[in-house]
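Please take me through this structure step by step.

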Protein chains: 2
Amino acid sequence: MKKSKDNNPIPVDIRFAALAVDVVCFCVTEGKLEVLLGEVTSDNTFKGQLAHIGGLIHVDETAEQSVDRLLRDKGGIQDIYKEQLYTFSEIDRDPRGRVVAVAYLGFINSKSEQNVEKAKTPTVWKSAYSVGKLAYDHNKITDVAIERLRSKIIYTDIAKHLMPKEFTLSDLQKTYEAILGESMDKRNFRKRILSLGLLKDTKRTIKKGVMRPAALYCFKTQ
Amino acid sequence: MKKSKDNNPIPVDIRFAALAVDVVCFCVTEGKLEVLLGEVTSDNTFKGQLAHIGGLIHVDETAEQSVDRLLRDKGGIQDIYKEQLYTFSEIDRDPRGRVVAVAYLGFINSKSEQNVEKAKTPTVWKSAYSVGKLAYDHNKITDVAIERLRSKIIYTDIAKHLMPKEFTLSDLQKTYEAILGESMDKRNFRKRILSLGLLKDTKRTIKKGVMRPAALYCFKTQ
DNA sequence: TATGATAGTGTATATTATACACTAATAGTT
DNA sequence: AACTATTAGTGTATAATATACACTATCATA
């Protein structure tokens, strides 16, 4: 490969695309699955519309590091669990030119983890099932993300990243129900989830309102 | 975004990376899981070593289209089923400079589908479990590919892309065993696979050698 | 002590997975 | 014609898992 003029060893005609990341950041609040959206600030036809948090990868970053930075700077969110979702490479997906986006799933266990003051972009949480019309191809990304989340919650312990450190079994069940969009039998849910051996009884309880206190569980750290 | 000099609307400092695809192309031959490898032809420190079929995405291609072209030109392989695996964005993964690779899984049902004459690169099929030292980060890509293949074969019908149009149940079982690396009970395998309702009995049989002829099945087209 | 609200529990049945060994069909050989 | 070698093809009993289903327990308040 010939060295290009601008000190980048890769010839300029070969690096025609910009690389971006987009994070579909999920949170379950009061039994509703929500996603974090931010206003598009860059000057293009989608300016002002809502989109998943995202942006261009920097030259000294991996995609993951880029996700961390953008969540922090644009979203006010730090240190969350994430995993790669899919790479979108359609030629016309961005009006600014060729932009290939590596999409990620992000998981936050409580909206209070978001430091809204530090977010450089106006953000909003929306129900994952009614995000409205988003910028770019982000509705497609949303669909792929929800599909992946649904399939992963049934055969992995990914739910733990959507729960606070300690939680009741009813809370955990609500998270499953929010994601799968169906209600489950309480006894069967508890039997199954406890038989997986992932949970630990903290031996403490929490009182919510005037009801019987509920036992608090946490995920075992392995 | 400012327009760059070379008629690309994306500023040149932003498009610092080249985009590549790599395909981990699987085939099961005589009960062995194999992968297609090609010699590295481009002039870098890995020249002459083996790697998965791959190359740079062209400006007018999606990642998928790029995979199709590269499999055809470098591998002599056309019209195969493929799906996206993972995007590798480590900064130093390529000695030529920043190259981000979108990796794919490819599935070929018989090595005879490969037209070796048309392949511009010397290729070789190797056992997936002993590919030896590959160029770039391709050993890592191999590992991720095998892991994905193993998990997908147990909850999807992906095996069909590794089978010829018609096959015996023993052949299908050998494919499962090659991928999962464990032998299975013949009666239980048949019961389970038939109960999925994906297979159709062609009512024809095939004689292999001097043994009892075996019934030929095919996957239902839906 | 009665009420309202959520937490928490068990059992019977159905479905699915597993373990396991012999008979059937063919071609070639004796 | 019987025998052999080789793979195809089959059933049943048991274990494990999933499902359907309804009442009691605990608390705060009135």
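In β8(B), Ala215(B) is the bridge partner of Thr205(B). Helices and strands here are DSSP runs, numbered from the N terminus: a helix is H or I with at least four residues, a strand is E with at least two. The strands β7(B) and β8(B) pair in the antiparallel sense, over 5 bridges. Two strands pair if DSSP finds at least two bridges between them.

This is a predicted model, in which local features need pLDDT of at least 70, side-chain atom pairs count only at pLDDT 80 or more, and totals for chains, interfaces and linings use all residues. Residues are numbered from 1 along each chain as its sequence is written, while chains are lettered from A and ligands numbered from 1 in the order in which they are written.

Stay with β7 of chain B, residues 199–206. Of its 8 residues, the number buried is 0, so this strand lies largely in the open. A residue is buried if 20 or more other C-beta atoms lie within 10 Å of its own, exposed if 12 or fewer, and partly exposed in between; the C-beta atoms are placed from the backbone. Now step into the loop between β7 and β8 of chain B, where Lys207(B) is found. Lys207(B) counts as exposed because it has 9 C-beta neighbours inside 10 Å. Lys207(B) and Phe167(B) are 40 residues apart along the chain, and their C-alpha atoms are separated by 12 Å.

Next comes DNA strand D. It is surrounded by 22 residues, and the closest are Val210(A), Arg212(A), Ser170(B), Arg187(B) and Ala215(B). A residue is near a molecule or strand if its C-beta atom, placed from the backbone, lies within 6 Å of it. Which elements supply at least two residues each of the surface near DNA strand D? They are α4 (186–195) of chain A, together with α3, α4 and β8 (214–219) of chain B. The largest share comes from α4(A), with 5 residues. By class, this surface near DNA strand D has 8 nonpolar, 4 polar and 10 charged residues. Ala, Val, Leu, Ile, Met, Phe, Trp, Tyr, Cys and Pro count as nonpolar; Asp, Glu, Lys and Arg count as charged; the others, Gly among them, count as polar.

Turn to DNA strand C. Of the 22 residues around DNA strand C, the nearest are Ser170(A), Arg187(A), Ala215(A), Val210(B) and Arg212(B). At least two residues each come from α3, α4 and β8 (214–219) of chain A, and from α4 of chain B. Here α4(B) gives the most, with 5 residues. The surface near DNA strand C has 8 nonpolar, 4 polar and 10 charged residues.

Look now at helix α3 of chain B, residues 169–180. Its 12 residues reach 16 Å from first C-alpha to last, close to the 16 Å expected at 1.5 Å a residue. The expected span is 1.5 Å times one less than the number of residues. The buried residues of α3(B) are Leu172(B), Ala178(B) and Ile179(B). They cover an arc of only 120° around the axis, which puts them on the same side of α3(B). The arc is that of the directions from the helix axis to the C-beta atoms. What covers these buried residues includes β1 (18–29), β2 (32–39), α2 (138–155) and α4 (186–195) of chain B. Two residues are in contact if their C-beta atoms, placed from the backbone, lie within 7 Å. Lys174(B) also has its place in α3 of chain B. Just after α3(B), Gly181(B) takes a positive phi of about 70°.

Helix α3 of chain A, residues 169–180, has 12 residues and reaches 16 Å. Leu172(A), Ala178(A) and Ile179(A) are its buried residues. They sit on the same side of α3(A), because their arc around the axis is only 120°.

Last, see where the chains meet. The contact takes 28 residues from chain A and 28 residues from chain B. On the side of chain A that touches chain B, β1 (18–29), β4 (81–88) and β5 (99–107) give two or more residues. Of these, β4(A) gives the most, with 3 residues. That side of chain A has 16 nonpolar, 6 polar and 6 charged residues.
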